[in-house]
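The following paragraphs examine how the secondary-structure elements of this model are arranged.

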Amino acid sequence: MEPSVQIIQVNEYNLRESPDAYLEAIRALAARTEEDGHPGVMSYRFYVNRAENTAGAAVVFADAEAWLAHHQMAYEWEEMPRLQATVALTNLMFFGPFNDEMEQWISASGLSYVRYDTYAAGFSRKG
């Protein structure tokens, strides 16, 4: 997995429902993604801050094609609207290069985001 083509997506949310409702919804979506999702979803990590009624996510995709395929697939699943009912997206960040199709999908969504499109340096440790 080449870091220079990976897409890392970081989401921050305010919870619209209880932390427990969010946990139930995201656990269902994560299980569906692991079982039926696109193999280019490399890491799918969601967290909750019960004290602040917020949540966050860090998702790693193999590349822009995997990001697009995952979103096209997951937005057809019944688990996605349930998750979306529990959260309000407050911050969205992308690290990595978009392709034309991903750029079009994001632009059509109307979401506001910050983007860092060029890999500079780094490493990953196994273990």
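Helix H1 (residues 19-36) and helix H3 (residues 79-86) pack at an angle of about 150 degrees, their axes lying 9 Å apart. H1 is therefore roughly antiparallel to H3. The crossing of these two helices is left-handed. On the side of H1, the contact is made by Ala21, Tyr22, Ala25, Ile26, Ala28, Leu29 and Arg32, and on the side of H3 by Glu79, Met80, Arg82, Leu83 and Thr86. By class, the residues of the contact of H1 with H3 comprise eight nonpolar, one polar and three charged.

The model is predicted, with local features requiring pLDDT of at least 70 and side-chain atom pairs counted only at pLDDT 80 or more, whereas totals for chains, interfaces and linings use all residues. Residues are numbered from 1 along each chain as its sequence is written, and side-chain values use heavy atoms, with hydrogens and water left out.

Several terms require their criteria. Helices (H or I, at least four residues) and strands (E, at least two) are DSSP runs, numbered from the N terminus. Axes are lines fitted to C-alpha atoms, for helices over the stretch in contact, and angles between N-to-C directions run from 0 to 180 degrees. Angles under 35 degrees count as roughly parallel, over 145 as roughly antiparallel, 65 to 115 as roughly perpendicular and the rest as oblique. A crossing is left-handed if the near helix is turned anticlockwise from the far one by less than a right angle, and right-handed if clockwise. Contact means heavy atoms within 4.5 Å.

H2 passes H4 in a left-handed crossing. Here Ala64, Trp67, Leu68 and His71 of H2 meet Glu101, Met102, Trp105 and Ile106 of H4. The residues of this contact divide into six nonpolar, one polar and one charged.

The strands form an open sheet of five, in the order E2-E3-E1-E4-E5 and with mixed pairing; two strands pair if DSSP finds at least two bridges between them. Strand E2 (41-49) and E5 stand at the edges with a single partner strand each, so one side of each is left without a neighbour in the sheet. On average, neighbouring strands of this sheet are turned by 15 degrees against each other, direction ignored. H1 packs on the sheet, where the helix touches E1, E2, E3 and E4, and its direction makes about 175 degrees with that of E2.

The individual pairings can be followed across the sheet. E2 and E3 are antiparallel and share eight bridges, with Phe61 in E3 as the bridge partner of Val41. In their hairpin, which has four residues between the strands, Asn53 takes a positive phi near 55 degrees. E1 pairs with strand E3 (residues 54-61) in the antiparallel sense over eight bridges, and Ile8 has Val60 in E3 as its bridge partner. Strand E1 (residues 7-15) also runs antiparallel to strand E4 (residues 87-95), joined by eight bridges; Met93 in E4 is the bridge partner of Val10. E4 and strand E5 (residues 114-116) pair in the parallel sense over three bridges, and Tyr116 in E5 is the bridge partner of Phe95.

Technical notes:
Ala, Val, Leu, Ile, Met, Phe, Trp, Tyr, Cys and Pro count as nonpolar, Asp, Glu, Lys and Arg as charged, and the others, Gly among them, as polar.
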